[in-house]
Amino acid sequence: MKNRKLASSRIKRVIIWFSSVMLTSLLSVLITAFVEKINLFVALLLVLKWISTAVLFVLTFRIPVWIIISVVFLVFILVKLIATRKKKPDEPWKQYKMDCFKKWLFEWKYSIRGGIIGLEAICKKCKCLLSSSNERHYHDPNRHLYCPNCDSKYDSISNKMLSDVKKIIINRIESGEYKSSPYFKK
Ligand SMILES: [Zn+2]
């Protein structure tokens, strides 16, 4: 009788431990998939790795069938969730990554959260990134930008202008004006 009680409390402890390990792994897979925006293939690999760990556990300890069924069910839901998320198209404005402002043509990217990053002026003729004629002396009156590829010359851009351009981009996205830009690729 005493032995049976001992055995059952041991099984309970194993179940609790197993459940917590499985839950932690499942959560980490979920969080990685959502935060890192990894593709479906990588997410599936992670899930497969997670299943193999679970199978090893089942073989090592005798796990009740209801736990196995719940775990399989959870994995199924996870795969469905990731697949649905992958199918959802990106917001259209994320394709708006180039436009002309004032005298320059600019190119930029978006961070995962949607902020504007890597805003840089590019050559209007060949789309090459521009270089500064004088990188060190910001107040050099002869300072200008030039295209290292086709030698076209452009006026230099101040940090204030860059910050203004960011504001214009945000405004064009919010008002929907970006859709009529010739540089917007649908
Ligand atoms: Zn050029």
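The model is a predicted one.

The account begins with an open sheet of 3 strands, arranged in the order β1-β2-β3 with antiparallel pairing. Its edge strands are β1 and β3, the latter covering residues 116-122, and each of them pairs on one side only. On average, and with direction ignored, neighbouring strands of this sheet are turned by 30° against each other. Strands of a sheet in general pair through backbone hydrogen bonds, in either a parallel or an antiparallel manner.

The individual pairings may now be followed. Strand β1, residues 98-101, is joined to strand β2, residues 104-110, by 4 bridges. Within this pair, M98 stands opposite E107 of β2. The hairpin formed by β1 and β2 has 2 residues between the strands, and K102 takes a positive phi near 55° there. On the other pairing, β2 and β3 run antiparallel and are joined by 5 bridges. K109 has I117 in β3 as its bridge partner. Helix α4 packs on this sheet, where it touches β1, β2 and β3, and its direction makes about 115° with that of β3.

α4 consists of 17 residues and reaches 25 Å from its first C-alpha to its last, which is close to the 24 Å expected at 1.5 Å a residue. Just after α4 comes G176, which takes a positive phi of about 85°.

A further open sheet of 3 strands has the order β4-β5-β6, again with antiparallel pairing. Here the edge strands are β4 (131-132) and β6, each pairing on one side only. Strand β5, residues 144-146, pairs with β6 in the antiparallel sense over 3 bridges. Y146, for instance, has K153 in β6 as its bridge partner.

Which residues does S156 contact, leaving aside its neighbours within four places in sequence? They are S132, R143, H144 and L145. Between the C-alpha atoms of S156 and K103 there is a separation of 10.0 Å, although these residues are 53 residues apart along the chain.

Note on methods
Residues numbered from 1 in each chain as written. Predicted model: local features only at pLDDT ≥ 70, side-chain atom pairs only at ≥ 80, totals over all residues. Contact = placed C-beta atoms within 7 Å. Pairing = 2+ DSSP bridges. Expected span 1.5 Å × (residues − 1). Axes fitted to C-alpha atoms, helices over the stretch in contact; angles between N-to-C directions.
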